[in-house]
Amino acid sequence: MAYIAPIHRPSSIRHAIKLNFLAPDEDCLVVAKTNRLEFYTQSSDGLALRHSRVIYGKVTMLQKLRPALASTDHLFVGTDRFMYFTLSWNAKEKALVTEKTFESVADNAARESQTGERCHVDPSGRFMTLEVYEGIITVIPLVQRGKKRKQESDIAHLGEPVPTRISEMFVRSSAFLRPRSPQDDKPKLALLYEDNHSNVRLKVRELAFAGGDAVELDEGEQYQGKLEVGASHLIPIVDPTYGLIIIGETTIGYYDDSTGELQTEPLEEATIFVAWERIDSQRFVLADDYGRLYLFMLVLNDQNKVRSWKLDVIGQTSRASVLVYLDAGYVFVGSHQGDSQVIRIAEKDMEVVQTFANIAPILDFTIMDMGNRSSEGQSNEFSSGQARIVTGSGAYQDGSLRSVRSGVGLEDLGVLGEMANISNLFSLKSDPLSDFVDTLLVTFVNESRVFSFDTQGEVEEVDEFCGLSLSETTLVASNLSQGQLLQVTSSRVQITDLDGGMVVSEWSPPNGQTITAASANGSYVLVSLGGVAIVLLSLDSGLKVLKEKAFGTGNQVACIALPPSSDPICFLGFWQRSELSVCSLGTLESITTVEISQDSVPRSLLLTQIFPDQPPTLFVAMADGNVVTFSVHPSTRKLSEKKSIILGTREANFRALPRGKGLFNVFATCEHPSLIYSSEGRLTYSAITAENATTVCSFDSEAYPGAVAIATADDLRIALVDTERTTHVQTLMVNETVRRIAYSPALKAFGLGTVKRILKNGEEILMSHFKLVDEILFKELDTYTLNEDELIESVMHCELEEGSGGLAERFVIGTAYLDNQNATAQRGRLLILEVTEDRMLKVVTELSLKGGCRCLSMCQGNIVAALIKTVVIYSFKHSTSSSPVLTKQAAFRCSTAPIDMTVHGDLIIIGDLMKSVVVVQYIPGQGGLPDSIKEVARHFQTSWSTAVAEIDDDLYLQSDAEGNLAVLQRNPNGVTEDDKRRLNSTAEMKLGEMVNRIKRIDVQAASDAVVVPRAFMATVEGSLYLFALIAPTAQNLLITLQSNLAELVQSPGNVPFNKYRAFYNTVRESEEPYRFVDADLVERFLDIPEDTQMKAVEGLGVDVEEVRLMVEGLRRLR
């Protein structure tokens, strides 16, 4: 039983469109990221995300439609499983509405288009065409035949799709010509295609009804002239010139459909254009394969005929997959292999104004900083601080190294200096009329220090500040009304004047008692005297004792808190019986008392407003690391909705951080700092990237708006904290394809195998390097350049003999030569590199190979190399201390070609190009016999493997090129030999993305864990997934819950969940996922109404609350 959860969603953008979707008069950019639609609108800060929704299928096309009676555009969506539907926006409900669906337009007998799927709407608004298969254009009527368009009340209401066969098989591009006059009754579809003789042709067909519901594409006009072999795009031209622009690699031409003439002009430099977008009737933006952006403009004569054209390079961007013109010179550049961007076009220039991080395609990755929260730790959560995944992302000039981390981000703005043993921080205003704080009070065990900031962020330490006592520790400090300051120290409570620094009022405990805890709001101060007594002071007209209460040594107070408002209550936590009391300020007597725990005691309290339109939340930090929360009823003062979570092994300290609109987040400092915030109506605990934080406070200053001050064990810094957990991506641009990546913790460095593409005299040249990069600074330390026409194929780090009996860290590199090499020459190399003391690369030895080395691993001290057709084991021995030798020990010939490989003990698990997975055993030779490799098990099905990993003993996870996942099990104790040799599928599903790499992880899970994480997976679309095995006790529960939710939760387009996730390839198709649980669907349980939740748990044998707690726990895994 398998469980899969996304930890970084797809970021690749291949499709985008602009339309009036959310409002009639507002442009909306719709972006498709694999199986997710995102809706953006323009704001003063750039594009702002307004809505996003998961689609059950990989989006392959987007188009806009406008029904005659609709005030907004509808969105037409097509998916990779040939499901098509239209969506509209319900502004009142703020939700997508499915208007029309087609079950499927799949044709099992036809071949899918090799040049991508296309969708067009003809300019008259009567037809929409889909190009999904070669030789077939599917036409969808948008109006009923026989009705004039002006009288048609249901324009853009989609009819049933009509497949129409054409003779043009390999269509490179297509476009509807713009009609020259209203009398042009038949829409004209231009097709740029390649004929059987590899000649590029242009044909214009006419589209019309042919009786009944039939639609035909008339033969139309065939351009008889010669077109450039590299012609790739057709651009239809509107009034006043009409016709087509034909974009090629060496020429750009204008085709006049009225005369049938083609006018071409050569490019100054040959290139490969990949995308275009219209600015107006004469200007267009073009993008090429090398990331260059061009402005293309038609030059007209006096008769508005095309005389010539101009093409200017305006800048460099990511390699574009799609271009969308927004408005006023702004263009959205959607990219698959680099960051997507919004650029602003200036005269022969451009600037990038907004960037959207994209880590696709992930070619390889490695894992850093693995581990769970503590040795006694109870949690196997995968949030920030648990795993940092470093990916090799992008391609060629967009290639980069990305550090991906899930959690609440922290951006350092500056370090005030090295300071140890800071116990608390308080932000103050020196000007009571200011909207910003400008002073930071830093308190230590036996003193306090003050730092003053100016409007530019310059800081200086001051010796005195408004009469504050700086010779002792400060427990509370805050601004009061009327230009006054409150300070509570261990020996006194005082109010000072901001203007002159005079002490306005002061109170000290009687009999030399010590103040051990304090809490204050705008009206009161509550202090604890050694835990045996509490005193309530009023702040109105000076300090006045309102009430005192003694508790004695048998019932001491452990912690105290006042509400942030002037509400006449307080909260007391007690050492004995772990009690928590809500007391009246008028009497200091208990209104409500609850016992929190039998195993620990409360040590810190905080009441704050977390949720909008709900009662405030009380946070209780227990001494054992538990955090308990209650909802406090505003009138009855009752404590309800008790929940708890373990954050660490010692008590947490709380500080409320404002998030706007009267709401707060809570920063909890412990050995694993966390940010607690509301998300979708629930409390969310997210680890934060401030691992060493000891205390924090809000510091919303003019120079650092929205910032916080953070004290660590060693220093004090100003930083910005995100309000919620997100995936944080740090980028190191390499500007080369990072094809392989290996991480050596011992060397504190990464080894990167890269491929660089350069243009020289119009010719592409590929160069390959191995780079050594520092793990912290991501700084390049050294580079080893491979030979000409030699590409890096595989990289690993391992420990090998150093010649003196010990082991040393080494990087092993496998390479391959390009196909234009002489067939008798070497086809690849195996290189062993060491890192010297000054962190430079040095070749230890190398071996010429007869085939490229696709992947590498270690087996019992030997190097395992997967070559083009065979898997070979090499021993690494030192004949002398300075001359190591690689010697072939054994080989195994694969069915086709090894694509991926993993090793466990003496077993080598091989992912085969076409024949799924095979398991072989390495047998060292004995008694003078040579070493050998023996096949022990095989998966007897056709599957185009892309990655494989061992996830448990005799259990393997395999991915294929069609986006499927399969869990395969070996049974070495089978009854028959056939049972032992067969790998059986125990779980399978359609992921919808091609997985490039799977890496096993080993995490010590709690005994009652519902799922146990086993692997990370990285995909071509930029996704990272967590793969886990479900505990046997929870298997039926999760499978049944998923099945129930699949029937209750609808997706846009009403695509069935089971069909979406069912295993599907060219050989076979399943009806539903087999023993696989999708986290995205299961977690929807938390978002559905309570009555729907009741239906979802029917037959599970547990109630809604138990399922909710379980799903919340699963959600915290990522």
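User: What lies over the face of Phe 1063?
Analyst: That's Arg 1068, at 4.1 Å from the ring centre. For a charge to sit over a ring, NZ of Lys or CZ of Arg has to be within 6 Å of the ring centre and within 35 degrees of the ring normal. Before we go on: this is a predicted model, where local features need pLDDT of at least 70, side-chain atom pairs count only at pLDDT 80 or more, and totals for chains, interfaces and linings use all residues. Residues are numbered from 1 along each chain as its sequence is written, and side-chain values use heavy atoms, with hydrogens and water left out.

User: And which ring does the charged end of Arg 81 sit over?
Analyst: The ring of Tyr 1064, 4.1 Å from its centre.

User: OK, rings then. How many aromatic pairs are there in the whole structure?
Analyst: A search turns up 20. Rings of Phe, Tyr and Trp (its six-membered ring) pair if their centres lie within 6.5 Å; planes under 30 degrees apart are stacked, over 60 edge-to-face, and the rest tilted. One of the pairs is Phe 296 with Trp 309, which is tilted, with 5.7 Å centre to centre and 40° between the planes.

User: Where do Phe 296 and Trp 309 lie?
Analyst: Phe 296 is in strand β24 (residues 292-300) and Trp 309 in strand β25 (residues 306-316), so their pair ties together parts 13 residues apart in sequence. Strands here are DSSP runs (E, at least two residues), as are helices (H or I, at least four), numbered from the N terminus.

User: Is Phe 296 buried or exposed?
Analyst: Phe 296 counts as buried because its relative accessibility is 0%. Buried means under 20% relative accessible area, exposed over 50%, and partly exposed in between (1.4 Å probe, protein chains only). Trp 309 is buried too, with a relative accessible area of 13%.

User: What about Phe 453 and Tyr 704, what kind of pair do they form?
Analyst: An edge-to-face one, 6.4 Å centre to centre with 85° between the planes. Phe 453 belongs to strand β36 (residues 448-453) and Tyr 704 to the loop between β58 (693-699) and β59 (707-712), so the pair ties together parts 251 residues apart in sequence. Both Phe 453 and Tyr 704 are buried.

User: Which rings are linked into a cluster?
Analyst: Trp 276, Phe 284, Phe 296 and Trp 309, through ring pairs.

User: Switching to the nonpolar core. Which residues of the largest one touch the most other members?
Analyst: Tyr 3, Phe 21, Leu 37, Leu 75, Leu 1041 and Phe 1085, out of 65 residues in that core. A nonpolar core is a set of buried Ala, Val, Leu, Ile, Met, Phe, Trp, Tyr and Cys residues joined through side-chain atoms within 4.5 Å. Another core, of 20 residues, lies apart from it and includes Ala 947, Leu 955, Leu 991 and Val 995.

User: What's Leu 37 in contact with?
Analyst: Leaving aside neighbours within four places in sequence, its contacts include Val 30, Val 31, His 51, Ile 55, Leu 75 and Leu 87. Contact means heavy atoms within 4.5 Å.

User: Now strand β80. Why is β80 said to be largely enclosed by the rest of the structure?
Analyst: Because 6 of the 7 residues of β80 (residues 964-970) are buried.

User: How does β80 pair with β79?
Analyst: In the antiparallel sense, over 5 bridges, with β79 covering residues 955-960. Two strands pair if DSSP finds at least two bridges between them. Leu 957 stands opposite Val 967 in β80. The two strands form a hairpin with 3 residues between them, and Gly 963 in the turn has a positive phi of about 85°.

User: And how many bridges does β80 have with β81?
Analyst: There are 7, again antiparallel, with β81 spanning residues 983-990. Asn 964 has Lys 990 in β81 as its bridge partner.

User: Last one: what does Leu 1048 touch?
Analyst: Thr 1092, Lys 1095 and Ala 1096, not counting residues up to four places away in sequence. Leu 1048 lies in helix α2 (residues 1035-1048) and is partly exposed at 31% relative accessibility. Leu 1048 and Lys 1095 are 47 residues apart in sequence and 8.2 Å apart in space, C-alpha to C-alpha.
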